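I opened this one to see how the chain is put together. Notes follow in the order I looked things up.

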Amino acid sequence: MSEQNKIIIRKLYDNAYNQGLIGIIDEMYSPEVELHIAGIPEDPFGPLPIKQLVTMMRTAFPDFHTTIDELIDSGDKVVACVSFNGKFQGTFSGHSPGENLSWWKRIDIYRLYNGKIVEQWGDRDDYTTLQRIGVAVPKVKDERPLAREAGRL
């Protein structure tokens, strides 16, 4: 079953991300999918936030392309290490640097059940991506305590 799950994830990136076939997201995701993705607040349910995310990416980077660097499967989960690249054509915080070629990496973890994505985790480096498209990103002091300072080993 895990090889079939990898085929589903490949199809997602090829069709939705690379070709912009947003409607396929409804076919691939369970209506009750739970999402845990950086930039999407409150861990929503349902495929709509994924459709919005892909649409936003394709609007800001109309020529962008996704490359699957690695797919790892284990039981009902597939880990996808992917690279995105494209020319930024959108605006962000008043910036519109259309000549900047950008690329970024993302790691997505999918849990599948009966051929549908039922849960997804995603992480990416927004800080570096913003720098690459020309947005001046101020340094932020991370106030989280280190594990030892918080009483954990």
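**Q120 and its contacts**

I started with Q120, leaving out residues up to four places away in sequence, and found that Q120 touches Y29, E34, L35, H36, I37, I50, R106, D108, I109 and Y110. I keep in mind that this is a predicted model. Q120 sits in strand β5, which covers residues 116-124. Is Q120 buried or exposed? Its relative accessibility is 0%, so I put Q120 down as buried.

I found E34 in strand β1, residues 29-37. E34 has 24% relative accessibility and therefore counts as partly exposed. Again skipping residues up to four places away in sequence, I get P44, F45, V118, E119 and Q120 as the residues E34 touches.

**Whole chain**

I stepped back to the overall layout. I count 4 helices and 5 strands in the protein, and along the sequence they run α-α-β-α-β-β-β-β-α. The protein has 153 residues, and 39% of them are buried. For contacts with a separation of 6 or more, I note that 54% are between residues 24 or more positions apart. The accessible surface is about 9,100 Å², and carbon and sulfur atoms hold 55% of that.

**The β2-β3 hairpin**

Next I looked at strands β2 (residues 65-74) and β3 (residues 77-87), which pair in the antiparallel sense over 9 bridges. I picked out I72, whose bridge partner in β3 is V79. β2 and β3 form a hairpin with 2 residues between them. In the turn I noted G75, where phi is positive at about 60°.

**Nonpolar core**

Which residues touch the most other members of the largest nonpolar core? I have I9, L12, Y17, I25, Y29, Y110 and I117, out of 31 residues in that core. I then went through the elements behind it: α1 (2-18), α2 (24-28), β1, α3 (48-60), β3 and β4 (101-113) each supply at least two residues. Helix α1 gives the largest share, 6 residues.

**Y17 and the rings**

Leaving aside neighbours within four places in sequence, Y17 is in contact with L12, V54, M57, R58, F64, T66, F84 and R106. Then I went through the aromatic pairs, and the count is 4. The ring centres of Y17 and F84 are 5.7 Å apart with the planes at 45°, so I logged the pair as tilted. This pair links distant parts of the chain, with Y17 in helix α1 and F84 in strand β3, 67 residues apart. I checked burial too: Y17 and F84 are both buried.

F84 also pairs with F64, and this pair is tilted, at 5.7 Å centre to centre and 35° between the planes. F64 lies in the loop between α3 and β2 while F84 is in strand β3, so the pair ties together parts 20 residues apart in sequence. Both F64 and F84 are buried. My last entry is the cluster that ring pairs make: Y13, Y17, F64, F84 and Y110.

Technical notes:
Residues are numbered from 1 along each chain as its sequence is written. This is a predicted model: local features need pLDDT of at least 70, side-chain atom pairs count only at pLDDT 80 or more; totals for chains, interfaces and linings use all residues. Side-chain values use heavy atoms; hydrogens and water are left out. Buried means under 20% relative accessible area, exposed over 50%, partly exposed in between (1.4 Å probe, protein chains only). Contact means heavy atoms within 4.5 Å. Two strands pair if DSSP finds at least two bridges between them. A nonpolar core is a set of buried Ala, Val, Leu, Ile, Met, Phe, Trp, Tyr and Cys residues joined through side-chain atoms within 4.5 Å. Accessible areas come from the Shrake-Rupley method with a 1.4 Å probe; for residues, only the protein chains shown count as cover. Rings of Phe, Tyr and Trp (its six-membered ring) pair if their centres lie within 6.5 Å; planes under 30 degrees apart count as stacked, over 60 as edge-to-face and the rest as tilted.
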